[in-house]
Amino acid sequence: MSAPSATRADATAATSTRTGPTRIKGNGLAFWLFFTPFLVGLCVFTILPLIWGGTLSLFEARGTVLPTKFVGLDNFRGFLVDTAFLQSLRTFLVFAVFIVPVTMAVSLALAVLVNGLPRFQTFFRSVFFLPTACSYVVACVVWRLSLFNGLESGIVNQLLGVVGLDSISAWLSASPYWWIVLVTVRLWLQVGFYMLLFLAGLQAIPTQMYEAASVDGLNPGGFTMFRLITLPQLRTTSAAVLLLLLIASFQAFDEFYNLTGNNPETRPPLVYLYNIALGPQQDFGRGSAGALVLTAIMVLAGLLQTWLVGFGSNDDATKRRFGFLRGRRRRPVDAAETETAEELEATGSTGSTGSTEKTATPEKEVRR
Amino acid sequence: MTAQLNIVGQNRSSVGLVLRYTVASVLALVFLVPFYAMIKTALSTNDEIYSQDFVFWPSDPQWQRIPELFADPRYLDALMNSAIMAIVSTSLSILIAALAGYALVRIPHPAAKPMFILVIVVLLVPATTAFVPNFIIVASLGWIGTLQGLIVPGLFSAFNVFLFRQFYVNFPREIEEAAYIDGAGFFRTFFRIVFPNTLPFASALTVLGLIGSWNAFLWPLVVAGDGQNAMTVQIYLSSFLTAQTFDYGGLFMAATVSLIPVLLVFFVLQRYLVAGIAATGLKG
């Protein structure tokens, strides 16, 4: 599995130096035979829709996918001043303020917990990861009609009863409560995935750093060790997870559609867009304009992510791009690491996780 | 193993260890509660479901809901459509991406570089907001409410092409060269030699693809239309959820059964799934 994690630098080097002799005649034909299926699909289902959507965004097109009347930028103007659209952005912000930090904290805590278990690691990892296989719809069925069903016998209301609180019957129709339902369902579904990313990050931390720090007198189980070594070493993973979580919460659709439906107060951007284009209005002109606006927001986020993280989970590329973030790392630990690195290289105490190849040594980092 | 435990900065004492396993076990139970609630409700009588008293486990499990469910042709259609969609779209999209990714690095051609740049640019366009323009195209083709409308627009993943390209950059050249010396052409070499050696990597993407398309919601919702022909199991479940059904037991049984295929894939192929996330994770 090490192959896909080639750096981009490697990749370009490989193509330029090993362009390969033209061993066989008919290269031209072979290339297009291999590439055409993808290219045709890309043109028809990505590029053409963008062009068509871009055109429609300048026209009036209600209930038809053909342009009827040229309206210039009116669709965009209408979209950007629509209070419902601004409300949907606000919904995204509120949602993100809850879901992003909570998911980060819980997935990191789970990863640290699982990583510290000497036995049954795989079992616990599987249990925490299991909800990832579940669909949003199935989870919404359970959340809406069982866990948070508003009956006194509902599981969450039972728990409230145990701690002496009153049952809540309006989980999905009143403001502070629906956020609890919306946030917990997504948390349950996605936290295992981010736990895996943090686990990979934890297992890439050179064990020598912990050894050196405990030689320097830090308590191996202590919070100081976590704060001085684990957290700074996870900076790259954390930044990547943060961006992924932000983008994912911007694209939230399934749980909002299935839990709160078309309630204007809990309507994130995609649900709002869905209702304009595919709701009763079937307004494809404004729908296309809206799709372009949201696409532009996400392309900007994507550019930011590409710049920070690179494509794929390539560790070297990630480190290179995050080099600027690492300047603030604690010096003493840094020094300890380089001193002890060689001595301890051969002790083989990295554990059974197969992460040795990912162990980054400071020399391997290239700063830009 | 003990060495690792100490190093990872955790408590050495057995008290700490007991505490850690206790916390892990309690959390594991919390994570399993929704599954318990789902199965419990699926087997409860409707009286128990609406009861104000908490019932830990149904007194008279309603197993007959399973045959009832499979007697519903709408549910069977939905399961079948989901299965077709998951299998066809995953395998075709991986094949298309493997071919394109291979061409980009292993078939010398002046167009390879511009095509790679095109792939990179397309990577930046998010797939989720594309449902409006894609609906326009699919509607124009008359594909609303059809399986091809469900499957075909999702087959061309620039991200998968990119992943395969990265994979083939590091693919050992010697194997192919032996095939070329034996006189095999590009197609023969690819299908007989290269692709079989890609299978572990392709399997990782396959697992992610199978689970992803079985669970997909937004695009199936856009395409399904009113008819039965393209209704997936997720849309089937959602239609009951949004229409305020009264047969909760049946709905929960349908949800439980819909999880079985995806859980099978999850458990049997979990090691590929973890590898797939390691390979693609940070892109999401």
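The model is predicted: local features need pLDDT of at least 70, side-chain atom pairs count only at pLDDT 80 or more, and totals for chains, interfaces and linings use all residues. Residues are numbered from 1 along each chain as its sequence is written, while chains are lettered from A and ligands numbered from 1 in the order in which they are written.

**Confidence in chain A**

- Chain A averages a pLDDT of 78, and 76% of its residues score at least 70; pLDDT is the predictor's confidence in each residue, from 0 to 100.
- Residues 1-24 of chain A have pLDDT below 50, and this stretch has 39 contacts in the model beyond near neighbours in sequence. Two residues are in contact if their C-beta atoms, placed from the backbone, lie within 7 Å.
- Residues 311-315 of chain A also have pLDDT below 50, with 22 contacts beyond near neighbours in sequence.
- Where pLDDT is low, the predicted coordinates should not be read in detail.

**Chain A overall**

- Chain A has 16 helices and two strands. Helices (H or I, at least four residues) and strands (E, at least two) are DSSP runs, numbered from the N terminus.
- Of the 368 residues in chain A, 43% are buried. A residue is buried if 20 or more other C-beta atoms lie within 10 Å of its own, exposed if 12 or fewer, and partly exposed in between, with C-beta atoms placed from the backbone.
- Among chain A contacts between residues at least 6 apart in sequence, 69% join residues at least 24 apart.

**Annotated transmembrane regions**

- In chain A, an unreviewed UniProt entry gives "transmembrane region" for residues 29-52, 92-114, 126-145, 177-200, 234-253 and 289-311. UniProt positions are in the numbering used here, feature names are shortened, and annotations may be inferred rather than shown by experiment.
- Residues 177-200 of chain A are 100% helix and 0% strand, with end C-alpha atoms 35 Å apart.
- Residues 126-145 of chain A are 70% helix and 0% strand, and their end C-alpha atoms are 26 Å apart.
- For chain B, UniProt (unreviewed entry) lists the annotation at residues 21-39, 83-105, 117-144, 150-168 and 248-269.
- In chain B, residues 83-105 are 100% helix and 0% strand, with 33 Å between the end C-alpha atoms.
- Residues 117-144 of chain B are 61% helix and 0% strand, and the end C-alpha atoms lie 32 Å apart.

**Where the chains meet**

- Leaving out residues up to four places away in sequence, Ala139(A) touches Cys134(A), Val185(A), Trp188(A), Leu189(A) and Pro34(B).

**Domains of chain B**

- Chain B is divided into domain 1 (2-62) and domain 2 (66-283), with bounds from an automatic or database domain assignment.
- The C-alpha centres of these two domains lie 33 Å apart.
- Their contact takes eight residues from domain 1 and six residues from domain 2.

**Local details**

- Helix α9 (residues 207-215) of chain A is largely enclosed by the rest of the structure, because seven of its nine residues are buried.
- Just after α9(A), Gly217(A) takes a positive phi of about 100°.
- Asn229(B) sits in the loop between α12 (218-224) and α13 (233-242) of chain B.
- Asn229(B) is partly exposed, with 14 other C-beta atoms within 10 Å.
- Asn229(B) and Thr146(B) are 83 residues apart in sequence, yet 5.8 Å apart in space, C-alpha to C-alpha.
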